[in-house]
Amino acid sequence: MPPTRPSIALIVLLLAALALPAFAAWMDEPFYLRLGARILVFALAAVSLDLILGFGGMVSFGHAAFVGIGGYAVGILFAHQADGSTLFGWPGTTNGFIVWPLAMLAGALAALPIGAISLRTTGVPFIMITLAFAQMLFYLMTGLKTYGGDDGVALWSRSTFPGGPDIADHTIFYYTALGLLIAALLLCWRVVNSRFGRVLRGAKDNERRMRALGYPVTRYKLAAFVIAGALAGLGGALLANATMFVGPQYLHWSRSGDLIVMVVLGGIGTLIGPVLGAAALLLLEEFVPEAMNLVHAGLGEHWKIVLGPILLGLVLFARKGLWGVVAGSRAP
Amino acid sequence: MTAPPLLETRALVKRFGGLNATDRLSLSVAKGELHALIGPNGAGKTTLIGQLSGELMPDEGRILFDGRDVTALPVHKRSQRGLARSFQITSVFPSFSALDNVALAVQAHAGHSFRFWRDAARDRALSDPARAVLERVGLGPRADTLASALAHGEKRQLELAMALATGPKLLLLDEPMAGMGPEESARMVELLGELKGGVTILLVEHDMDAVFALADRITVLVRGAALATGEPAAIRASAAVRKAYLGDELEAV
């Protein structure tokens, strides 16, 4: 089989991601490595959003809540470990083998009731209800003084993996995030092409018809919502480790908006697109203000004036976003 | 002693404000028959289909299907019991191929779909029966075409194929000839003629030629109530039906 444009694009992307730590070392810019890890973490969250947004047609405007909850799972257990206190009789821990799965579980358990209520609606009401739930959780964490309230929880150390990789090392953390992102992509790829995925895509196309065919549609959409919540929770655990911090701002609606922008920018319903979207948004956020400040000091504050037209252009002229541009508009 | 009807409504009432869109309607469709439902615009055909399929809840009365009361059952459960419908306005999955549209219908009746890993496109338990149904409605050569790229008449055939693929006991067909040209209509009449007898059909249709060519029995719906039910010849001869509805359309038959 001759190599197709999408498969070449994928291989180039993978090689670039694998080579980044070496590149950062060669440039003597450890900052690139941290930025790369940040991109991978947000990419994981964006991919989980694409699963429900791109394939299930569920425009969740509160996806950052699940990321934040995953982050707080890490932060809260760290805080209890740090001061030796207990949570419901359990000691805190930094063991990643325990904490990271718990972050996924927390994301899933939060997504279950939120999804069950939100999915009674579709369209704009669905957007507003998911937004409302996320803001409720944002204010809850802001008010929760035990875990820092507004100030959040600062982590002194990353999660530990006894007998496993030591992610305190930036390079090892980077490759751990990369491995998990690839695993999440493969999982989502299987899911969207399975029987379950077909039901999800059918419901996006025509929900009424799906019911008439005999599908209890809401049940399947809810399952997808919960899977996305779990993956976002894992993203949150990674984010907490990447920044060594968790705070309410992780749950803020503007973060949910960023995730939607990443998905749209990269290509809705392409899974790999949101990875590009996350990279593009974070790189723009990093370098455009800097460049603008060179032109005129203080101008960088208004960098979104550059982001806006780019986003608009992609939405208008490239239906499949950046991935469509890279891999050809007929790419899956 | 005749067999109990496959589908029965008992004194069904649906009100919209002061209007009785369905007015104490009692209707029965016998197993194996092709029963046509006709009536002028505003007679309540669409409202009735909504209630039979489960999208609308009646205000009074009962709906019995296959010997059980289904009045309170949601849409998907009625479909699971064997009540399949087609839509008046073409309602296929535009981003799926014709084959995958039908495969999705097959899958709906092949156990639950909480199967997350295996590639459904390579699942012959879905694609083989789907292909067979496509052949049956004459869409075999168009299997790999995107549904959105099909001609109008082909979409109507696909609509029927999807209903058939669920292996229904009763087909509820809402104006299958809507918007079709004469040739496409003739093909659809031929197709329905082939299906007749094998599966029970309740046909709502404006095309009088088709109705009188196909129906075993006809019910005339006027202002939400059954004005008459009978064999085509009796309906044609009924003075009341002529007066209420058929008028010059019947002269042309």
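**A predicted model of chains A and B**

Over residues 124–141 of chain A the chain is entirely helical, at 100% helix and 0% strand, and the C-alpha atoms at the two ends lie 26 Å apart; helices here are DSSP runs of H or I with at least four residues, strands are runs of E with at least two, and both are numbered from the N terminus. This is a predicted model, in which local features need pLDDT of at least 70 and side-chain atom pairs count only at pLDDT 80 or more, while totals for chains, interfaces and linings use all residues. Residues are numbered from 1 along each chain as its sequence is written, and chains are lettered from A and ligands numbered from 1 in the order in which they are written.

The span 124–141 is among those that an unreviewed UniProt entry lists as "transmembrane region" in chain A, and residues 60–78 are another; such annotations, given in the numbering used here with shortened feature names, may be inferred rather than shown by experiment. Residues 60–78 of chain A are 84% helix and 0% strand, with end C-alpha atoms 29 Å apart.

Chain B holds nine helices and ten strands. Its radius of gyration, taken over C-alpha atoms, is 19 Å, close to the 18 Å that the globule rule (2.2 Å times the number of residues to the power 0.38) gives for 253 residues, so chain B is as compact as a globular protein of that length.

Where the chains meet, 27 residues of chain B and 21 residues of chain A take part, a contact requiring C-beta atoms, placed from the backbone, within 7 Å. On the side of chain B, α2 (75–81) and α3 (98–108) are the elements that give two or more residues.

Notes: Two residues are in contact if their C-beta atoms, placed from the backbone, lie within 7 Å.
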